[in-house]
Amino acid sequence: MKNREVAAILARIADMLEIKGDNPYKIRAYRQAAESIYRLDEDITTLYEKGWLRNIPGIGDAVEAKIGEILKTGSCAYYDRLMEEIPDGLLDILAIPGLGHKSVKMLYDNLKIETLDELEKACQEGKVRNLPGLGVRREKKIIQGINEIKQRGDKINLGIALPLAQELLDYLQKSPLIENASLTGSVRRGKALVGDIDLLLASDVPQAVYQHIKAFPAVSQTDYLEPDLVKGRLGREIEFEAIIVSPPDFYHSLLWTTGSKEHRQRIFTRFDRRDFTGLNSEAEIYSRLGMDFIAPELRENIGEIEAAVAGSLPQLVNEADIKGDLHVHSNWSDGSERIQDLAAAARSRGYEYMAITDHSRSLAISGGLSLERLQAQGKLIDAINDETDGFHIFKGSEVDILKTGELDFPDPVLKDLDVVIASVHSHFKLEPGQQTERIIEAAKNEHVDIIGHLTGRLLSRRSGYEIAVDDIIEVCARCDTALEINSHPDRLDIDGNIARKAKARGVKVAINSDAHHKKDLDLIKYGVITARRGWLEAKDILNTLSRDEL
DNA sequence: GCCGTTTTCGGCCCGACTGTTTTCAGTCG
């Protein structure tokens with residue numbers, strides 16, 4: 001928890017410096033420090049006390065001192081001073097697509113705009129269009145951006161919510177006051193975006209449980225609302241609800257609170273949930289209802305109840321089924337670690353293989369590989385493989401799909417690679433037909449194995465590009481091209497719905513971490529959750545195959 | 001603000017698109 005808080009403060013410092021127009025390299029230094037700390041495996045307090053922070057790349061004298069201050073006081077003077085200088089709301093405005101720090105500052109300087117609402121009003125009144133460099137079209141785009149932000153509401157990424165929820169759950173499970181505890185609600189169902197964190201606790205002493213929840217360090221605020229409900233906040237902005245029930249009511253309450261609402265309504269039509277008091281698992285309840293146990297990820301009333309009655313539910317894929325990672329970036333492009341170190345980390349996860357798939361030459365900002373460097377990387381991988389038993393590194397590329405649908409490397413080069421992922425990283429706003437055709441062209445290439453992050457969505461930030469998904473799936477089915485579930489919690493792309501369509505057409509799915517750091521290999525769990533939400537089984541997944549089969 | 005098998009000062013991933021311009025600044029990936 002501390003690590004995330006420190007990283008968040010440093011990242012906000014970077015944002016505020018950016019609005020101030022400070023030295024861009026200094027800003028980047030803060031961003032990098034924040035990033036390093038966010039990814040840290042070890043507890044930052046311990047590292048600080050041992051004086052080891054300086055060994056972390058991107059942390060020098062200044063940041064180390066500020067971290068010390070944050071750890072002792074919860075904040076630091078530099079940050080507080082910036083907070084006084086820069087209104088909070090400007091950071092929200094910075095989130096509008098197409099508005100960068102320069103525009104945010106100009107709006108603030110000229111029109112005193114400090115919040116999204118003020119900006120919306122100014123746009124509607126036509127005040128923004130007259131500022132230098134802005135115009136009617138950008139004014140429209142800003143309104144559109146604000147609408148999108150408002151529509152999304154305050155949903156949180158599963159990648160943020162789940163670790164926080166798990167920390168609180170682990171803490172509560174250790175308490176003798178609590179007989180049973182589980183995550184519940186949309187976090188338990190594995191939705192990519194969730195409104196809040198829900199926990200279900202079984203206890204006969206709810207008052208004492210309330211006090212115990214309050215004592216958890218990351219809990220910032222709590223209300224004891226009803227005899228069985230505690231509401232509060234984790235960290236600065238994430239709300240949670242803890243529902244406390246008596247132990248015999250635990251499992252029917254778990255089924256009830258897990259939802260979804262539509263699933264629950266159908267399950268309990270002919271029964272009262274109290275009819276199931278005293279049962280010892282959800283499986284027993286489902287069994288009494290005459291159906292198989294339904295995994296939480298499937299509980300969306302999209303056919304799972306019928307399948308459970310018929311005994312035809314899928315045997316959902318598990319993280320343990322994954323035998324390797326097919327999308328990993330090294331420090332040859334925009335990853336931060338050596339191939340050897342990534343391989344060691346993958347191996348220690350129990351994988352049999354991984355593919356190094358650095359960016360191709362067009363993606364200059366991400367250090368895309370030239371043909372020469374790709375060859376050199378191949379030689380290095382051969383050398384590492386020669387020295388290694390029981391683990392294999394595949395040579396690969398995440399090759400850019402260019403505007404025309406052509407690929408960024410010529411066929412003879414792709415032919416020599418083991419794993420080719422083709423992805424879109426540019427021209428997001430093409431007309432739908434052209435965008436679809438572009439991806440279809442790539443999927444048809446005989447050397448392309450996988451289409452990466454198909455829709456290009458960035459959760460809470462950017463909608464996917466407009467494409468005819470069904471048409472692309474058809475081509476993938478015909479050309480034996482797989483689709484990726486990109487496990488990064490910001491992407492989870494393709495989602496469960498598309499994954500299910502892919503499965504129906506016999507298109508294989510690769511669950512990839514898209515790791516840029518060895519710790520990112522752990523993100524695969526979000527991809528597995530997404531695959532489960534798409535009803536996928538181990539046999540539907542490319543990287544559940546052994547190295548030889550693959 | 002960080003970093004150093006060219007370095008303790010002077011560098012620090014680049015290129016394209018957009019909307020505004022009439023030659024470019026800002027933004028993005």
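This is a predicted model: local features need pLDDT of at least 70, side-chain atom pairs count only at pLDDT 80 or more; totals for chains, interfaces and linings use all residues.
Residues are numbered from 1 along each chain, chains are lettered from A and ligands numbered from 1 in the order written, and side-chain values use heavy atoms, without hydrogens and water.

Let's start with helix 23, residues 524-533; helices here are DSSP runs of H or I with at least four residues, and strands are runs of E with at least two, numbered from the N terminus. Of its 10 residues, 9 are buried, meaning under 20% relative accessible area with a 1.4 Å probe, protein chains only. Among them are Y526, V528 and R532. Their cover includes helix 10, helix 22 and strand 13. After the helix comes W535, with a positive phi near 65°.

E537 counts as buried because its relative accessibility is 16%. Its side chain makes a polar contact with the side chain of K503 at 3.1 Å; that term means a pair of N or O atoms within 3.5 Å, within protein one able to donate a hydrogen and the other to accept it, with sequence-adjacent residues counting only if both atoms are side-chain atoms. A polar atom of the E537 side chain also lies 3.2 Å from the backbone nitrogen of Q315.

Finally, what do T436 and I439 in helix 20 belong to? They are part of a meeting with helix 21, whose side includes D471 and V475. Thanks, everyone!

Key. Buried means under 20% relative accessible area, exposed over 50%, partly exposed in between (1.4 Å probe, protein chains only). Contact means heavy atoms within 4.5 Å.
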